[in-house]
Amino acid sequence: MSHLEPFLPAIRLILFLVGTVAFVGLNAAYLVWVERKGAGRFQRRPGPTEVGPQGLLQPLADGLKLMSKQLIVPPGADATLFRLAPAMVIAPALMCLATIPYSESFFAPRDLNIGLIMVFAFGSINVMAIMLGGWASRNKYAIISAARVVSQNVAYEIPMLLVVITLLMVTGTMNLNDIVRQQGPYIWDWNLFRVWQNPLMPVTFVIFFICMLAETNRAPFDMAEAESELVAGAFTEYAGMGFGVFFMGEYANIVVGCSLATVLFLGGWQSPIGLFPGIWWFFIKMYALIFTVVWIRWTFPRTQFYGLLNLSWKILIPVSLATLVLTSVVMKLPLLF
Amino acid sequence: MIAPKDSPAGASSNETFTLNLGPQHPATHGVLRVKLTMDGEYITRAEPVPGYIHRMHEKMGENRTWAQYLPNTSRVDYLSAMTYTHAYVGAVERALKLEVPLRAEFIRVITSELNRISSHLVGWGAFVMDLGGFTPILYAFDDREKILDLLEAVTGSRLTYCYYRFGGVANDVDAAFLEGCKAFVTHMRPRLKFYRDLVTDNVILRNRLEGIGPVSADMCRRYGACGPVLRGSGVAYDVRRAEPYSIYDQFDFEIPHYPQGDSMARYNVRMDEIEQSLRIIEQAVAKIPEGPVMGKVPRVLKLPAGDTCYATEAARGRLLVRITSDGKDTPYRVRLRTPCFCNLSLFEEASQGMLLADALAFMGSLDLVIPDIDR
Amino acid sequence: MKAVREVLSGTKSLLVGMRLTLREFFKPTITVQYPHQTLPMPERFRGHIELKADPETGRPACTACKLCERACPSDCILVDGAKREGEKKKSVTEYHLDFTKCSLCGACIEACPSDAIQFSKRYNLASPTNDYRNMDLVQRFQDRAEKK
């Protein structure tokens, strides 16, 4: 083994890269299965059952179907941007996942002391990608829908960042590894319940979750892709795998969002009983959040566009500002006495 | 959200474009084309173009004998088929002065009310599905399966029952059916509460529906709108009370009406009507007498020359059937005054200045069945 | 203050809704996985019509009186018959049903004076050939009798 020593960092790097891409790919494919089975169960029906046992090969069948379609670039559309947009949706999700600490030792990324900011920096590329996709399609409805998505995402990035700033004040570091290490193994040690520094921490978590739903265009905030002017919205002109990649990108973003929520609020890979390595606890928490995302989608109707913006500007931003002020006051209070 | 009269777009308010809410659209529940003239996001003019499913039911009435027309009546509004057959059968019975046995009248009331509940469940589920909630329609269809199973055991069909005959009903019902009705009423009441908690009280739904598409009682009168649309604008008009037919005057039920006139009011009227129908079924099952289910009917039906009308309260409003006979064995004219045609005509005036998504919510609240518009 | 109360009541309604769907999640599925499972057909189920046997002779009870042909609203039925040796009434020789036009109204069954036709229970009627436009009910009767 000793002759492998100098290569260990390289091996680790390659494993990590391959692992991340495989993780994103598998998740994007099988989250479709989770969503369809979950939707089925919420609706008292079985979901896919024919293709493979319990419908487990259904994503393969869907992928094959999408790959067998011709990738048409509409005439007059900007071909470069048209083809670039789907890639720009997936790539930032991959980059974000590189910063998230899945476990304490082997799978941990390098200690990036700007980890949190990096996630948000890459996350905002997603917005641009959808706008590019809508614009490059040269389709009236796609542009209108893409413009709506941009205004929705911008409106919800603000409370998200305010919430993250509140959290930064509480944790004092942007390094995601340190944030996880600050939290203890038991539930009451999670950041979610760190109420002596931020009394409204659970509210902060809820706001973060809602903003994550809106950022990834999930129901009940999905009017951009669902109802938009009678056709499919920003992705109208995308056929076959182009559409498939957008879809995968949406699920990859959900994975990123839920992983971030787990790391920031739910204790990351910390486990109360050390039964399995930390990475499994991370996945349990992350998939519980993803189940909640699916649950919310199949329970509520869609909000109207102005209702969505009202929620952000009139409710979430004031509340998150108030939380921010309250946290700063509470944190500085001991200094007064 | 209604745009002010001067569109905020300003100079570009002269640039309107035409959008086809085409015959194929998931939200119009049938083949209805609406030509929308839009100013940006707001509708300036909505022109419904019906006729894509005109199947000439009224013309078919002239070519078929009185008894041969019975299957046609179910297919005009297939969700509320029993009440349509009831209107036609009632018109012929009124013309011939036929006696319908009391047991048959009770059976007609029970089956009509079950049909009304199943129609409202479909309308409700489809409405919430249009708004983006894909789950409640499946819960509604689960309840509807129970109704359809009950009616299938009695009539043999699930949607287009050809069950009523001149002078009574085709088959008798057995004790299992009456027990099934009682069990259904017991099952449905908690489900209504479940729907209220899950959907009606939901803040997202309320924000989508409250204040959308306000329709005043005066506007309803001008267009002849009826049914839940009229009752959602505050007018407590129900054919079962205003022009009592069959034995509805023997039952104790309320007419739900709400004064606001917006989509939420119409939604609430339909949910309350399900409860009232459950009450009627309970009373009818308790009071149903024994006896024959078919009265004396002449072998060959030749109605005396003249007009006869009969109105019933279908799930969507007031249905009037007017038959004109010239003494032969086929009608001279069968005129069906269907509720959805007049309900749809509200759309043009009410949708001015609305956002497109709000207009779709408004159309869903009208609960249109397109074959009912075109016949 | 009213706005705060509205936000709180709105949030409560959302949580109530989520709890209800979660309860539904754990209930069994309602779907009957046709074709692996089938439901029993009720007695009065309306499939296409079929000829009934006369209990004494074992042959179709139909006397080709053509009352069903006249009663049908959609002109689906074509009946023909001839008198057999030594019988008073005709016996059916041809009974053609155009099931593509039939609306399952039952007028034919009610019009029949000899109780010779009934609804069958057949609903699996998908076929690659067009054999429902001209169904030969006499042939089907004989096939059924042979199978028994």
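Guide: Let's start with one span: the end C-alpha atoms of residues 251–269 of chain A lie 22 Å apart, and the span is 79% helix and 0% strand. Helices here are DSSP runs of H or I, at least four residues, and strands are runs of E, at least two, numbered from the N terminus. This is a predicted model, where local features need pLDDT of at least 70, side-chain atom pairs count only at pLDDT 80 or more, and totals for chains, interfaces and linings use all residues. Residues are numbered from 1 along each chain as its sequence is written, chains are lettered from A and ligands numbered from 1 in the order in which they are written, and side-chain values use heavy atoms, leaving out hydrogens and water.

Visitor: How far apart are the end C-alpha atoms of residues 114–133 of chain A?

Guide: They lie 30 Å apart, and that span is 95% helix and 0% strand.

Visitor: New topic: how many residues of chain C are in contact with chain A?

Guide: 17 residues of chain C touch 16 of chain A, with contact meaning heavy atoms within 4.5 Å.

Visitor: Which side chains meet in a salt bridge there?

Guide: C:Glu24 and A:Arg44, at 3.3 Å, N to O. The rule wants a side-chain nitrogen of Lys or Arg within 4 Å of a carboxyl oxygen of Asp or Glu.
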